[in-house]
Amino acid sequence: MALGSTQPLTEMRTRRITSTKVVTTKLYFPKVADRLKLKISVTPNLTMMVTGHGIIKSYLYKYKIIYSPMCPCKIGEQKTDHILYDCEVVKQEGDELKTELLRSENWPVSNDTLINKYTKILKKFVDSVHLEKL
Ligand SMILES: [Zn+2]
């Protein structure tokens, strides 16, 4: 392959995207067997939350689609954990999630506990935050 070809860059980008997805997804599904056991209907928002891919600002920034990864709340970069645990813009939705989980868990709950034990509550949260408006 000749130097200057775009093929190696495309391969590198694909590899990088894949590795980012694996790291974020591992927080939710440390064991592949757990994911296989879980019967969930996957929505686009839930997929975005467990992969870190989509309209989340840190992801868009990483691939130079936007100029800053900062969340509009200005507390930190807009990553999935920020949205789940710290974001002031979705504070009301986050407080509702926290209140529901505090009935049976300590807060904060780990990502894998959240997806494996409280899938419906997590889905309700991610569908309520309207990330496209952030
Ligand atoms: Zn925020």
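Figure 1. Lys-64 sits in the loop that links helix H4 (57–62) to helix H5 (80–85); helices here are DSSP runs of H or I with at least four residues, strands are runs of E with at least two, and both are numbered from the N terminus. This is a predicted model, so local features need pLDDT of at least 70 and side-chain atom pairs count only at pLDDT 80 or more, while totals for chains, interfaces and linings use all residues. Residues are numbered from 1 along each chain as its sequence is written. Lys-64 is not a glycine, yet its phi is positive, about 60°. Lys-64 counts as exposed because it has 7 C-beta neighbours inside 10 Å (buried means 20 or more other C-beta atoms within 10 Å of the residue's own, exposed means 12 or fewer, partly exposed is in between, and C-beta atoms are placed from the backbone). Lys-74 is also found in the loop between H4 and H5. Its phi is positive too, near 65°, and Lys-74 is likewise a residue other than glycine. With 8 C-beta neighbours inside 10 Å, Lys-74 counts as exposed.

**Figure 2. Helix H3 and its buried residues.** H3 covers residues 44–51, and its buried residues are Asn-45, Met-49 and Val-50. They sit on the same side of H3, because they cover an arc of only 125° around the axis (the arc is that of the directions from the helix axis to the C-beta atoms). Just after H3 comes Gly-52, with a positive phi of about 80°.

**Figure 3. Leu-131, after helix H8.** Look for Leu-131 in the segment that follows helix H8 (119–128). Leu-131 has 18 other C-beta atoms within 10 Å, so it is partly exposed. Leaving aside residues up to four places away in sequence, Leu-131 touches Ile-55 and Ile-56 (contact means C-beta atoms, placed from the backbone, within 7 Å). Asn-45 is 86 residues from Leu-131 in sequence, but the C-alpha to C-alpha distance is 8.5 Å.

**Figure 4. The loops on either side of H7.** Pro-108 is in the loop between helix H6 (91–102) and H7. A cis peptide bond joins Trp-107 to Pro-108, with omega about 0°. Tyr-118 is in the loop between helix H7 (111–117) and H8. Tyr-118 counts as partly exposed because 18 C-beta neighbours lie inside 10 Å. Tyr-118 and Leu-101 are 17 residues apart in sequence and 8.0 Å apart in space, C-alpha to C-alpha.

Notes. Two residues are in contact if their C-beta atoms, placed from the backbone, lie within 7 Å.
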